[in-house]
Amino acid sequence: MSHEGIRIVSEYESRRMAAEDERTFHPDAFTPTKVRVHITEGTGAEIEWKDGHLSSWSFDWLRDACPCATCHEAREALGLQPGEKKLETPQLLPMYKPKVRPLEATPVGRYAIRFKWNDGHESGIYSWEYLRRQCRCFVCKAELGID
Ligand SMILES: [Zn+2]
Ligand SMILES: [Zn+2]
């Protein structure tokens, strides 16, 4: 019997995943009324939803939550959640890393937004539904039971 491929999830994580699966949304929850992408300020993006909810994410977080297949697989392999940073090995001489920000943000049809990041990556298509499900405001955190 082989146990290969079985991922050990913590109790905390499995509870959080169950809470996430159980969450149901009204279609208005996936319809943005206002989308603000603060490219010049370099801070992040905010979406106001038709159901009155407000979500915001930093660019750093959005880059680490890139939903493209490559980034998704890389996170799966490391057991990371969307937006979660992998632990970097400390270096003697810290390398200069430019702050993550998009050079461009473009709507994709009526269902998504796409960022062209300053590191050259641009294959992630962030659907409204994906973003709303990734909202981590205090209301959503309470619903998901995370702090
Ligand atoms: Zn990606
Ligand atoms: Zn929220």
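Reader: In what order do the strands of the open sheet of 3 strands stand?

Author: The order is 4-5-6, with antiparallel pairing. Strands are DSSP runs of E with at least two residues, and helices are runs of H or I with at least four, both numbered from the N terminus. Two strands pair if DSSP finds at least two bridges between them. The model is predicted: local features need pLDDT of at least 70, side-chain atom pairs count only at pLDDT 80 or more, and totals for chains, interfaces and linings use all residues. Residues are numbered from 1 along each chain as its sequence is written, while chains are lettered from A and ligands numbered from 1 in the order in which they are written.

Reader: Which strands stand at the edges?

Author: Strand 4 (102–108) and strand 6 (125–127) do; each has a single partner strand, so one side of each lacks a neighbour in the sheet. From one strand to the next the twist averages 25°, where axes are lines fitted to C-alpha atoms, for helices over the stretch in contact, and angles between N-to-C directions run from 0 to 180 degrees.

Reader: How many bridges join strand 5 to strand 6?

Author: Strand 5 (residues 112–117) is joined to strand 6 by 3 bridges. In one of these strands, strand 6, tyrosine 126 is the bridge partner of isoleucine 113.

Reader: How do strand 1 and strand 2 pair?

Author: They pair in the antiparallel sense over 5 bridges. Alanine 45 in strand 2 is the bridge partner of valine 37. The hairpin has 6 residues between the strands, and glycine 42 takes a positive phi near 75° there.

Reader: What does strand 2 do with strand 3?

Author: Strand 2 and strand 3 (residues 54–58) pair in the antiparallel sense, also over 5 bridges. Alanine 45 has tryptophan 57 as its bridge partner in strand 3. Between these two strands lie 4 residues, and glycine 52 in the turn has a positive phi of about 90°.

Reader: Is threonine 33 buried or exposed?

Author: Burial counts other C-beta atoms, placed from the backbone, within 10 Å of the residue's own: 20 or more is buried, 12 or fewer exposed, and in between partly exposed. Threonine 33 has 11, so it is exposed. It is found in strand 1 (residues 32–37).

Reader: Which face of strand 2 is covered?

Author: The covered face of strand 2 (residues 44–49) holds Ala45, Ile47 and Trp49; Gly44, Glu46 and Glu48 form the uncovered one.

Reader: How many residues of helix 3 are buried?

Author: The count is 0 among the 10 residues of helix 3 (residues 69–78). Glycine 79 follows helix 3, with a positive phi near 70°.
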